[in-house]
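Please read the account below alongside the sequence and the coordinates.

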Number of protein chains: 2
Amino acid sequence: MHSVTPLSNNSELARELRHHYLFSALDDTQHATILAHAFSRRFSAGDVLFRRGDAAEYIFMMRSGSLKLYRLSQDGHEKIMRIIRPPQTFAESMMFMDTPRYPVHCEGVEAGEVIAFEISAFLALLQESFATCRAVMAQMTQRIQAHWDEIETLSLQNSHYRVVHYLLSLVPPGAEGEVRITLPVRKVIIAARIAVTPETLSRTLRTLSDNGLIEVEDDVITILDTDALRKRIH
Amino acid sequence: MHSVTPLSNNSELARELRHHYLFSALDDTQHATILAHAFSRRFSAGDVLFRRGDAAEYIFMMRSGSLKLYRLSQDGHEKIMRIIRPPQTFAESMMFMDTPRYPVHCEGVEAGEVIAFEISAFLALLQESFATCRAVMAQMTQRIQAHWDEIETLSLQNSHYRVVHYLLSLVPPGAEGEVRITLPVRKVIIAARIAVTPETLSRTLRTLSDNGLIEVEDDVITILDTDALRKRIH
DNA sequence: GCCGCGCCTTGACGGTCGTCAAGCTTGCCG
DNA sequence: CGGCAAGCTTGACGACCGTCAAGGCGCGGC
């Protein structure tokens, strides 16, 4: 694999781990152990980190950039299951499968860097640290909650709802009235994430704009009245 | 709460736990502990076990009957997230939330019985038993896999596919050629499970029947050629 | 510069599937 | 036995949204 570097004596990374929700419960010895079984991987947009069906030997932590986890239908349609950004970890749940295989493709969106930790090494640490065990479980619980929400959205709601819902998810908590947000990724990526076509996304934004609820200028969207938009879901 | 009975000296239940994937790693003392913090709950079809938003104090193990976990949209449409049958457990992932609340409604479909275990007691046991911890995580991993699959199905596939996919999921593993299956629940329940209307389900079964792929007689369906049906997904 | 390519938008069209309504069968109960 | 409700089916209709096609805009490479 190219763009791979060892992590010996990377004190900045060590400090990062100490503040990370998944690793903060570990002591110095344990930190050293997992770093000895980890490596850094740099990637560009379009680089493939793994494919669906590959044997899963690593869990990952994002350090910079962004990437997408996605599946393809037989006729080549792409559904993005998740967009990953720092400081998220992913593929944790692979650890507990009998024959671990990644269930999605993984590809870079914006160039960046991930740290890969060997699953076997991390599993061994879990036995020693119930607190870390709990952190993993809390993490998995959050993922499950997000899945319930997504399944509900996909089966109970129409595309209009999904677009509005996505916009509202970008509003900082507590914000009210007029809010300016910037789309974090290209629109075609967003469309694949919320399971609509780029055309439908474009048209829906247009309708919202015509109705005076938002203003669109490239990837900057001004929500004129957050509450009104929230109620607008029909 | 009515239909609730204590579990002291229920030796049959104790034996059941010993063979259950979630509890088999516990020793006799630990079994006694959780049984001291558990109760049995009988229910009929239509009985509400909990509602979405209720504080989650228990995890559950099905002993008999069946029930549904579901959500409602604003306009009253029901999406069944999961059908539970023995010997499944559910709501395990609630244990790791900060302020645990059930994220779905739970209602009886066929009369039966569940065992409710206090979350606090079970959490305490997890600290002592890494093996049980692992069992919980393996369980959550399976749920996550199932969610990925469902999200993929909902976003990449049409209703025809979902019906065929559901039928195939009822075929016993390894079966080939002509297979006779019985629908496990009423059709309206199945429809809500796979996110189509009862009308669409009915029409799709009709089409498959007209094309000579299946034969339908009430809740008994004969799949004439499993492989042909598998390929029929378009 | 200018060409080509990717991203986004807009329009026209058509299929899928949900909605509404009617009718059928079955089982339950007075 | 008649009446009623529930479950399922079938038909007619229409909205939603995906597909196909065309065109504008910005950007990088030659």
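The largest contribution to the surface near DNA strand D comes from α7(B), with six residues. Helices here are DSSP runs of H or I with at least four residues, strands are runs of E with at least two, and both are numbered from the N terminus. This is a predicted model, in which local features need pLDDT of at least 70 and side-chain atom pairs count only at pLDDT 80 or more, while totals for chains, interfaces and linings use all residues. Residues are numbered from 1 along each chain as its sequence is written, and chains are lettered from A and ligands numbered from 1 in the order in which they are written.

Around DNA strand D there are 16 residues, and the closest are A:N158, A:S159, A:T200, B:K187 and B:S202. A residue is near a strand if its C-beta atom, placed from the backbone, lies within 6 Å of it. Both protein chains take part: α5 (159–169) and α7 (198–210) of chain A, and α6 (187–193) and α7 (198–210) of chain B, each supply at least two residues of this surface. Its composition is four nonpolar, six polar and six charged residues. In this scheme Ala, Val, Leu, Ile, Met, Phe, Trp, Tyr, Cys and Pro count as nonpolar, Asp, Glu, Lys and Arg as charged, and the others, Gly among them, as polar.

The protein chains also touch each other. In chain A, 31 residues are in contact with 31 residues of chain B, where contact requires C-beta atoms, placed from the backbone, to lie within 7 Å. On the side of chain A that touches chain B, β5 (78–84) and α4 (130–156) each supply at least two residues. The largest share, 19 residues, comes from α4(A). By class, this side of chain A divides into 16 nonpolar, nine polar and six charged residues.

The same surface serves both copies, since 100% of the contact residues of chain A recur in chain B.

Within chain B, helix α5 (residues 159–170) has 12 residues and reaches 17 Å from its first C-alpha to its last, close to the expected 16 Å. That expected span is 1.5 Å times one less than the number of residues. Among the residues of α5(B), B:R162, B:V163, B:V164 and B:L167 are buried. The buried residues of this helix pack against α4 (130–156), α7, β10 (220–223) and α8 (226–231) of chain B.

Some backbone features remain. The peptide bond from A:P86 to A:P87 is cis, with omega near 0°, and A:P87 sits in the loop between β5 and β6 (89–90) of chain A. In chain B, a cis bond joins B:P86 and B:P87, with B:P87 in the loop between β5 (78–84) and β6 (89–90).

A:A195, in the loop between α6 (187–193) and α7 of chain A, has a positive phi near 60°. It is partly exposed because it has 19 C-beta neighbours inside 10 Å; buried requires 20 or more other C-beta atoms within 10 Å, exposed 12 or fewer, and partly exposed lies in between, with C-beta atoms placed from the backbone. B:A91 has a positive phi of about 70° and lies in the loop between β6 and β7 (105–118) of chain B. B:A91 counts as buried because it has 24 such neighbours.

Definitions and conventions:
Contact = placed C-beta atoms within 7 Å.
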